[in-house]
Amino acid sequence: MHVIPDGGVPLVPNVGIVSGSRGTLVVDTGMGPRNGQVVRRHAERLAGNRQVFLTLTHFHPEHGYGAQAFDQGVVTVYNRAQLEELRQKGAAYLELFKTFGSGVAEQLDGVELVEPELVYDASAELDLGGRTAQLLSWGLAHTAGDQVVFLPDRRVLFTGDLVESECFAIFPWFPPDDVDVDGDRWIAVLEELERLEPEIVVPGHGPLGGAEVIVAAREYLQLLRSETRRLFDAGASEDDAAAELDLSMRALHPDWAQPEWIDFGVRCFYVARAGER
Ligand SMILES: [Zn+2]
């Protein structure tokens, strides 16, 4: 197993490359065609004459918008929900990310949203030759089409943005344009991931670790949910709840990256609580 680490750089994901005797699977491409080319060349060096496969953890630009570099000779595999999400929201996310600064816009220059060769429903297994890669999905959580990749033989789990390490959970809660994120389901999915008993967890962003990385991510989401519910039930406004929890969560995890996502998470849980009442 090989990981191209994110180096702690925002909008750079951890990219995985795993090989069996006959096949090499790439998990995520990085953002844009040039990064995709770098990942592909790296994968081909490791693959030698094995067949190269590509899959994505989800449709977000920094994870999958280098897929066009994996054109000829590579077999691409996504789950159906992810493909549908790419079709529905891919172009809008491309425009959104281009507003994140000139460096990002430069990487996204020339992006083409390409579709996979193979599409599966629910879950799939990829036989790489003496090694199976399980492609597992539980539906809506961080996105509508999240997928993890699990290698049972080495108990390695690639989680995409379902799990971040030393980094706050990324809630793409952008009403009214995109509300396809569900904190309750997300917590339930993390419990499923814990049941896989992984020994090596490769998060979407942040340092690699063991199962404790998933536990920390789940405990954060559970605390964010219970605190949001407490404030909602006490009559706090959405803005007041977001402001208060932004402070308290930063204080709890002063060394975690991307605290700006706390606010989005509170708002997502707040609206969910309002829907229950
Ligand atoms: Zn994401």
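Let's start with Cys268, which is buried, with a relative accessible area of 5%. Before I go on, please keep in mind that this is a predicted model.

How many disulfides does the structure hold? The count is 0. Cys268 is in no disulfide, and the nearest cysteine sulfur, that of Cys167, is 17 Å away. To be counted as a disulfide, the two sulfur atoms would have to be within 2.5 Å. Cys167 is buried as well, with a relative accessible area of 5%.

Let's move on to the sheets. Please find strands S1 to S6 on your screen: these 6 strands form an open sheet, in the order S1-S2-S3-S4-S5-S6, and the pairing is mixed. Which strands stand at the edges? They are strand S1, residues 2-4, and strand S6, residues 118-120. Each has a single partner strand, so one side of each is left without a neighbour in the sheet. From one strand to the next, the twist averages 20 degrees.

Strand S2, residues 15-19, and strand S3, residues 23-27, run antiparallel and are joined by 4 bridges.

On to another sheet. This open sheet has 5 strands in the order S7-S8-S9-S10-S11, again with mixed pairing. Its edge strands are strand S7 (124-127) and strand S11 (200-203), and each of them pairs on one side only. Here the twist averages 20 degrees from one strand to the next. In which sense do strand S10 and S11 pair, parallel or antiparallel? Strand S10, residues 156-160, pairs with S11 in the parallel sense, over 4 bridges.

Now for the metal. Which residues coordinate the zinc ion? They are His58 through NE2, His60 through ND1, His142 through NE2 and Asp161 through OD, at 2.1 to 2.2 Å. Along the chain, these donors follow the spacing H-x1-H-x81-H-x18-D. Look at His60 and His142, a pair that links distant parts of the chain, 82 residues apart. His60 sits in the loop between strand S4 (51-55) and helix H2 (61-64), while His142 sits in the loop between strand S8 (132-136) and strand S9 (148-151). Both His60 and His142 are buried.

What about the geometry? For four tetrahedral donors, the ideal angle at a metal is 109.5 degrees. The 4 donor atoms at this zinc ion make angles of 93 to 161 degrees, and the site is irregular.

My last stop is Asp246, in helix H7, residues 238-252. Why do we call Asp246 buried? Because its relative accessible area is 17%, and buried means under 20%. Leaving aside neighbours within four places in sequence, Asp246 is in contact with Pro259 and Ile262.

Technical notes
Residues are numbered from 1 along each chain as its sequence is written. This is a predicted model: local features need pLDDT of at least 70, side-chain atom pairs count only at pLDDT 80 or more; totals for chains, interfaces and linings use all residues. Side-chain values use heavy atoms; hydrogens and water are left out. Helices (H or I, at least four residues) and strands (E, at least two) are DSSP runs, numbered from the N terminus. Buried means under 20% relative accessible area, exposed over 50%, partly exposed in between (1.4 Å probe, protein chains only). Contact means heavy atoms within 4.5 Å. Donors are N, O and S atoms within 2.8 Å of the metal (3.2 Å for Na, K and Ca); water is not among the atoms, so sites may look incomplete. Four donors count as tetrahedral if all angles lie between 85 and 135 degrees; four count as square planar and six as octahedral if opposite donors are over 155 degrees apart and all others between 65 and 115; anything else is irregular. Two strands pair if DSSP finds at least two bridges between them. Axes are lines fitted to C-alpha atoms, for helices over the stretch in contact, and angles run from 0 to 180 degrees between N-to-C directions.
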